[in-house]
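Work through the exercises below with the sequence and the model side by side. Try each task before reading its solution.

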Amino acid sequence: MIISLHDRISGHAGRVRALDRFLTYARQREGVWFARKDEIARWALESRANTPVVDRGPAKTSGLPGPSA
């Protein structure tokens, strides 16, 4: 799970308290990894066998952006 925060949206007191509670909860759990995006990308590149690859099909079929060929 990736959590991204924007200072003007998440900087409100109530949201900061909720984030603090979540981080406190997550820190108490075994196996939770706190990493930057570059660390996650490096792990994914080094662990290709464990990194899922999804063939989404052509854009006309999947409805997702990308080449329509």
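Predicted model: local features only at pLDDT ≥ 70, side-chain atom pairs only at ≥ 80, totals over all residues.

**Exercise 1. A network of charges**

*Solution.* As a general point, side chains of opposite charge can pair when their charged atoms come close. The cut-off needed here is 4 Å between a side-chain nitrogen of Lys or Arg and a carboxyl oxygen of Asp or Glu.

Step two: Arg36 also forms a salt bridge with Glu39, where the closest N and O atoms are 3.7 Å apart. Step three: Asp38 meets Arg42 in a further salt bridge, at 3.8 Å from N to O. Both Asp38 and Arg42 belong to helix H3, which covers residues 37-46, and they are four residues apart, about one turn of the helix.

Step four: the count of salt bridges comes to three, and Arg36, Asp38, Glu39 and Arg42 are linked by salt bridges into a network.

**Exercise 2. Buried or exposed?**

*Solution.* Take the residues one at a time. Asp38 has 35% relative accessibility, so Asp38 counts as partly exposed. Glu39, at 25%, counts as partly exposed, and Arg42, at 45%, also falls in the partly exposed class. For the chain as a whole, 6% of the 69 residues count as buried.

**Exercise 3. The overall form**

How many helices and strands does the protein chain have, and how does its radius of gyration compare with the globule rule?

*Solution.* First, the secondary structure comes to four helices and zero strands, and along the sequence the pattern reads α-α-α-α. Next, the radius of gyration is 18 Å, well over the 11 Å that the globule rule gives for 69 residues, so the chain is more spread out than a compact globule. Finally, the C-alpha atoms fill a box of roughly 50 × 30 × 20 Å along the principal axes.

**Exercise 4. Surface and charge**

*Solution.* Turning to charge, the chain has 12 positive and 7 negative side chains, with the centres of the two sets 8 Å apart. A nonpolar patch on the surface is formed by Met1, Ile3, Leu5, Phe22 and Tyr25, which together have about 570 Å² of accessible area.

**Exercise 5. Sequence and space**

How far apart in space are the C-alpha atoms of Leu23 and Phe34, and what separation is found for Thr51 and Gln28?

*Solution.* Begin with Leu23, which has its place in helix H2 (residues 13-27) and counts as partly exposed at 23% relative accessibility. Leu23 and Phe34 are 11 residues apart in sequence, and their C-alpha atoms are 9.7 Å apart. Then consider Thr51, which lies in the loop between H3 and helix H4 (59-62) and counts as partly exposed at 25% relative accessibility. Thr51 and Gln28 are 23 residues apart along the chain, with 26 Å separating their C-alpha atoms.

Definitions and conventions:
Residues numbered from 1 in each chain as written. Heavy atoms only, no water. Helix = DSSP H or I, 4+ residues; strand = E, 2+ residues; numbered from the N terminus. Rg over C-alpha atoms; globule rule 2.2 N^0.38 Å. Buried < 20%, exposed > 50% of the residue type's maximum accessible area, 1.4 Å probe, protein only. Lys, Arg positive; Asp, Glu negative; His and termini not counted. Charge placed at Lys NZ, Arg CZ, Asp CG, Glu CD. Patch = residues over 30% accessible without salt bridge, like charges linked within 9 Å, V, L, I, M, F, W, Y side chains within 5 Å. Areas by Shrake-Rupley, 256 points an atom, 1.4 Å probe, with all protein chains shown as cover.
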